[in-house]
Amino acid sequence: KNAEPSVLDELQHLLQAVDDPEILVDSCLQASLPDAKSTLAIYSYALSRLDSVARDAPNPDRCEALRSRLLSASKRLGTFQAANDGPFVAELWHRFRSADLLRELLTSLARGRMATAMAPWTRHSRELDFAASLPSILGAIPDAVPASAFERWLASDVLPFALRHHHAFVLEWIAKRCHTMEFSEKRAWPGNAIRLIDTSGPLCGLHGAAGHTAMALAIPHGLTPADYVDRLCGRADETLTGASASSAAAADPNQSSAEAQQQHHHH
């Protein structure tokens with residue numbers, strides 16, 4: 001513990017002799033310190049030095065650009081910490097600092113590392129316009145990842161910011177995912193599919209169909225949860241539901257309930 005502050009102190013002491021703002025900032029950004037706290041501290045040191053230089057700088061725009069680099073690195077350091085559970089490794093941090101965050105997000109999703117992927121989205125989605133790449137982002141989520149691992153993220157952080165021209169894709173992706181879940185998450189189906197469908201509430205609301213989300217209304221009388229998921233996904237013919245099949249059976253007392261059910265599935 002005593003060695004870590006000394007590394008920071010020694011670096012700050014050496015940097016006191018640096019007058020050029022660009023060299024100062026580059027030196028601080030490229031420094032390999034033992035932990036995130038020291039790394040953030042050297043960025044703060046550079047910011048304070050930069051503020052002093054900026055008062056008399058002949059080119060304030062240059063100082064502002066350098067300041068922006070430091071602030072961006074500080075924010076990304078927080079993302080790096082949020083996305084990684086292990087100990088701080090300077091080499092990994094430098095790689096992450098200059099990485100394409102969208103590519104990092106997609107790679108994490110493809111590997112099923114949902115918490116790692118959520119960190120860049122939560123902290124940088126507006127800044128880097130991740131919403132423009134929503135089809136690629138949803139498409140990167142493996143079928144093997146259970147919907148429970150990302151449905152809350154979709155509902156609160158992703159779908160409310162979906163671009164309008166992506167709405168049809170998103171709803172189609174949810175429908176296909178629900179079909180896949182019937183086999184990949186069979187034990188929890190169809191309840192898990194109903195919950196996933198409900199994440200589309202913000203989009204349905206924009207298109208005047210908020211009442212059709214799964215959790216907004218009780219399942220209509222005569223429909224099983226599985227039938228309801230089929231209908232919401234557009235897989236079943238809405239002209240004849242389980243309820244209408246029951247009504248047909250009641251109208252024809254010679255028709256058994258099994259025959260009515262077969263008629264329903266035929267339609």
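In this predicted model, helices H7 and H9 run roughly parallel to each other, because their axes cross at roughly 0 degrees and angles under 35 degrees count as roughly parallel. The axes of H7, residues 114-124, and H9, residues 151-158, come within 12 Å. On the H7 side the contact is made by Met114, Met118, Trp121 and Thr122, which meet Trp153, Asp157 and Val158 of H9. Sorted by class, the residues of this contact comprise five that are nonpolar, one that is polar and one that is charged.

H7 also packs against helix H4, residues 60-83, with the two axes 8 Å apart and at an angle of about 155 degrees. Since angles over 145 degrees count as roughly antiparallel, H4 is therefore roughly antiparallel to H7. The crossing of H4 past H7 is right-handed. From H4, the residues Lys75, Arg76, Gly78, Thr79, Ala82 and Ala83 take part, and they meet Thr116, Ala119, Pro120, Arg123 and His124 of H7. The classes in the contact of H4 with H7 are four nonpolar, four polar and three charged residues.

| Helix pair | Axis distance | Angle |
|---|---|---|
| H7 and H9 | within 12 Å | roughly 0 degrees |
| H4 and H7 | 8 Å | about 155 degrees |

Two loops carry backbone features that deserve attention when the model is inspected. Most residues other than glycine have a negative phi, and most peptide bonds are trans. Aspartate 129 sits in the loop that links H7 to helix H8, residues 134-139. Proline 190 belongs to the loop between helix H10, residues 167-184, and helix H11, residues 191-198.

As for the chain as a whole, it contains 15 helices and zero strands. Of its 267 residues, 40% are buried. Among contacts with a separation of 6 or more, 61% are between residues 24 or more positions apart. The accessible surface of the chain is about 14,800 Å², and carbon and sulfur atoms contribute 53% of that surface.

Key: Residues are numbered from 1 along each chain as its sequence is written. This is a predicted model: local features need pLDDT of at least 70, side-chain atom pairs count only at pLDDT 80 or more; totals for chains, interfaces and linings use all residues. Side-chain values use heavy atoms; hydrogens and water are left out. Helices (H or I, at least four residues) and strands (E, at least two) are DSSP runs, numbered from the N terminus. Buried means under 20% relative accessible area, exposed over 50%, partly exposed in between (1.4 Å probe, protein chains only). Contact means heavy atoms within 4.5 Å. Accessible areas come from the Shrake-Rupley method with a 1.4 Å probe; for residues, only the protein chains shown count as cover. Axes are lines fitted to C-alpha atoms, for helices over the stretch in contact, and angles run from 0 to 180 degrees between N-to-C directions. Angles under 35 degrees count as roughly parallel, over 145 as roughly antiparallel, 65 to 115 as roughly perpendicular and the rest as oblique. Ala, Val, Leu, Ile, Met, Phe, Trp, Tyr, Cys and Pro count as nonpolar, Asp, Glu, Lys and Arg as charged, and the others, Gly among them, as polar. A crossing is left-handed if the near helix is turned anticlockwise from the far one by less than a right angle, and right-handed if clockwise.
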